[in-house]
Each structure stands twice: as C-alpha cells, then as structure tokens.
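Welcome, and please open the model in your viewer. We will go from stop to stop, with something to select at each one.

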Amino acid sequence: IKLSSKEKRTKGIGTDAVMAIMRYAFDELGLNRLDVNMFTSNEPSKRLYKKCGWSEE
C-alpha cells in the first residue's frame, strides 16, 4: 500500500485497502494466513497493519 500524496495519508484509505484485501483473502478465497514484507524502519506501515489486527512474528 503506498499513498504518494501526503494530503491523502491519515484519511483511512490504507486501512480500508488492507481490510478489503483481508476480507477477500479470507472470505472469498478461503485463505488462513496472509504475510507482509516491509522495511523494519517503516513505522507508519507497522501502525497500519497493527491497526488492522496483524501481529509480528
């Protein structure tokens, strides 16, 4: 998920996108698990995924 325009950030767009992906993956495709790769220094992404219920392993 990348929002290049700073004006569009912190409006819930990324959260909506992640939640939609999760609904599709679990409800439609029947998946049991999702994985994400990101730079460890990317704090905004960490907050986004934590907000969506993800945990770090």
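Start by selecting F26, then show what surrounds it: F26 touches L31, N32, R33 and L34, not counting residues up to four places away in sequence. Touching, or contact, here means heavy atoms within 4.5 Å. F26 itself lies in helix 1. Is F26 buried or exposed, or something in between? At 32% relative accessibility, F26 counts as partly exposed, because buried means under 20% relative accessible area, exposed over 50%, and partly exposed in between (1.4 Å probe, protein chains only).

Before moving on, a word about what you are viewing. This is a predicted model, in which local features need pLDDT of at least 70 and side-chain atom pairs count only at pLDDT 80 or more, while totals for chains, interfaces and linings use all residues. Residues are numbered from 1 along each chain as its sequence is written, and side-chain values use heavy atoms, with hydrogens and water left out.

**The whole chain**

Now zoom out and switch to a cartoon view. The protein has two helices and zero strands; helices (H or I, at least four residues) and strands (E, at least two) are DSSP runs, numbered from the N terminus. The C-alpha trace spans about 35 × 25 × 15 Å along its principal axes. Of the 57 residues, 16% count as buried. Among contacts with a separation of 6 or more, 38% are between residues 24 or more positions apart.

**The core**

Next, select V18, M22, L48, Y49 and C52 and show their side chains. These five residues make up the largest nonpolar core, that is, a set of buried Ala, Val, Leu, Ile, Met, Phe, Trp, Tyr and Cys residues joined through side-chain atoms within 4.5 Å. Helix 1 (13-28) and helix 2 (43-51) each supply at least two residues of this core.

Keep C52 selected. Which residues is C52 in contact with, leaving aside its neighbours within four places in sequence? They are T15, V18, M19 and M22.

**Along helix 1**

T15 counts as buried because its relative accessibility is 16%. Leaving aside neighbours within four places in sequence, T15 is in contact with L48, K51 and C52.

Then step to I13, also in helix 1. With a relative accessible area of 37%, I13 is partly exposed. Draw a distance from the C-alpha atom of I13 to that of K2: the two residues are 11 apart along the chain, and these atoms are separated by 9.9 Å.

**Two sides of helix 2**

Select S45, L48 and Y49, the buried residues of helix 2. Why do they line one face of the helix? Look down the axis of helix 2: its buried residues fall within an arc of 90°, so they line one face. The arc is that of the directions from the helix axis to the C-beta atoms. An α-helix has 3.6 residues a turn, so residues three or four places apart point the same way.

What do the buried residues of helix 2 pack against? Their partner is helix 1. Turn to the other side of helix 2 and you will find R47, K50 and K51 exposed.

For the last stop, select G53. Just after helix 2, G53 takes a positive phi of about 95°.
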